[in-house]
Amino acid sequence: MERVLATKNAMSKKMHVAEMRMLRWMCGHTRSDRIRNEVIREKVGVASVVDKLREVRLRWFGHVKRRGADAPDLAQLHLTEDMTLDRKEWRSRIKVEG
């Protein structure tokens, strides 16, 4: 679990760095201008890409938790919640050929 968090944190940091590079470029600034990230973000008026990803994940989580009783049952699809823990297995079972 610790390794997963380290990987997730590393990816979040890379996304943040790339995002700030683009925002500075949009504003016509470089890192050598020494303008704080918060100032750049406020000038452009956008939320952090990491925060937006969290928002989308939580929105999807809420959607799944609110699904109606008429939603396909995992048992009907021969799936169990335990299968979701193994991403490779889960993806192979839910993949639609076409």
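1. Let's start with the neighbours of Arg41. Leaving aside residues up to four places away in sequence, Arg41 touches His16, Glu19, Met20, Leu23, Val46, Ala47 and Ser48; contact here means heavy atoms within 4.5 Å. Please keep in mind that this is a predicted model, where local features need pLDDT of at least 70, side-chain atom pairs count only at pLDDT 80 or more, and totals for chains, interfaces and linings use all residues. Residues are numbered from 1 along each chain as its sequence is written, and side-chain values use heavy atoms, with hydrogens and water left out.

2. Where does Arg41 sit? Its place is in helix 2, residues 37–44 (helices are DSSP runs of H or I with at least four residues, numbered from the N terminus). Arg41 is buried, because its relative accessible area is 16% (buried means under 20%, exposed over 50%, partly exposed in between, with a 1.4 Å probe and protein chains only).

3. The side chains of Arg41 and Glu19 are joined by a polar contact of 3.1 Å. A polar contact is a pair of N or O atoms within 3.5 Å; within protein, one must be able to donate a hydrogen and the other to accept it, and residues adjacent in sequence count only if both atoms are side-chain atoms.

4. Now look at Asn37, also placed in helix 2. Asn37 is partly exposed, with a relative accessible area of 23%. A polar contact of 2.5 Å links its side chain to that of Arg24.

5. Finally, Ser48 caps the N-terminal end of helix 3, with a side-chain oxygen 3.2 Å from the backbone nitrogen of Val50.

Methods. Helix = DSSP H or I, 4+ residues; strand = E, 2+ residues; numbered from the N terminus.
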